[in-house]
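Here is a friendly tour of a structure, with a few backbone and side-chain details to look up as you go. Have your viewer ready.

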Amino acid sequence: MDWEFRLLDWLQELHTPFGDVLMPFFSWLGDFGLIWIVLAAVLLGIPKTRRLGLTIAAALLVDLLLCNLLIKPMVARTRPYDINTLIELMVKKPFDYSFPSGHTAAAFAAVSAMFFAKSHLWIPSGILAILIAFSRMYLYVHYPTDILGGIIVGIVSGAVGAALIDKLFQRKNKMGK
């Protein structure tokens, strides 16, 4: 854990006025997975992209179950700002557990769902997901391994969500014939 604090403390040295505005914004975009939920809702509303919207929604649901309801309470990891109390947070204190990063997991669940659904939207969304994940360390609310854990949970959730929707559509097509 020592290397994680060294990395987080080093990131504190990189703070700039521009970064101090940008990073809370990226973190805010990831709050409650809202940007990904809105994206899924928009895609669901367009017949041509409905399946992609369902895939993202399924991935986010799997992520919610895995990350927030199963892993976070089971691991119960204290956040870095609760250990290094000298840090002044630039965002509202999260009060749930640290591992894995929920912001990161939701972002990578959505991006992975897009990737597995073969949508080119995964590329710009992936850039946003990386920025959201990085912002969580910049803001001192997650350890690097929380981010890594969130990426893994997100990719697994995206793969499971995509597989579920593929099965659903295969079943629907089979019944329709």
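Where is the place of His-103? His-103 sits in helix H6; helices here are DSSP runs of H or I with at least four residues, numbered from the N terminus. Before going on, note that this is a predicted model, in which local features need pLDDT of at least 70, side-chain atom pairs count only at pLDDT 80 or more, and totals for chains, interfaces and linings use all residues. Residues are numbered from 1 along each chain as its sequence is written, and side-chain values use heavy atoms, leaving out hydrogens and water.

**Around His-103**

With a relative accessible area of 12%, His-103 is buried (buried is under 20%, exposed over 50%, partly exposed in between, using a 1.4 Å probe and protein chains only). Its side chain makes a polar contact of 2.8 Å with the side chain of Asp-31. Such a contact is a pair of N or O atoms within 3.5 Å; within protein, one must be able to donate a hydrogen and the other to accept it, and residues adjacent in sequence count only if both atoms are side-chain atoms. Setting aside neighbours within four places in sequence, His-103 is in contact (heavy atoms within 4.5 Å) with Ser-27, Gly-30, Asp-31, Ile-132 and Arg-136.

**The nonpolar core**

In soluble globular proteins, nonpolar side chains tend to be buried together. A nonpolar core is a set of buried Ala, Val, Leu, Ile, Met, Phe, Trp, Tyr and Cys residues joined through side-chain atoms within 4.5 Å. The largest one here has 35 residues, and Trp-36 and Ile-56 touch the most other members. At least two residues come from each of H1 (2-13), H2 (17-30), H3 (34-44), H4 (50-75), H6 (102-116) and H7 (122-138). H6 gives the largest share, 8 residues. Beyond its neighbours within four places in sequence, Ile-56 contacts Trp-36, Leu-39, Ala-40, Leu-43, Ala-110, Ala-113 and Met-114.

**Backbone details in the loops**

Most residues other than glycine have a negative phi, and most peptide bonds are trans.

Which peptide bond is cis? The bond from Phe-99 to Pro-100 is, with omega near -10°. Pro-100 lies in the loop between helix H5 (80-83) and H6.
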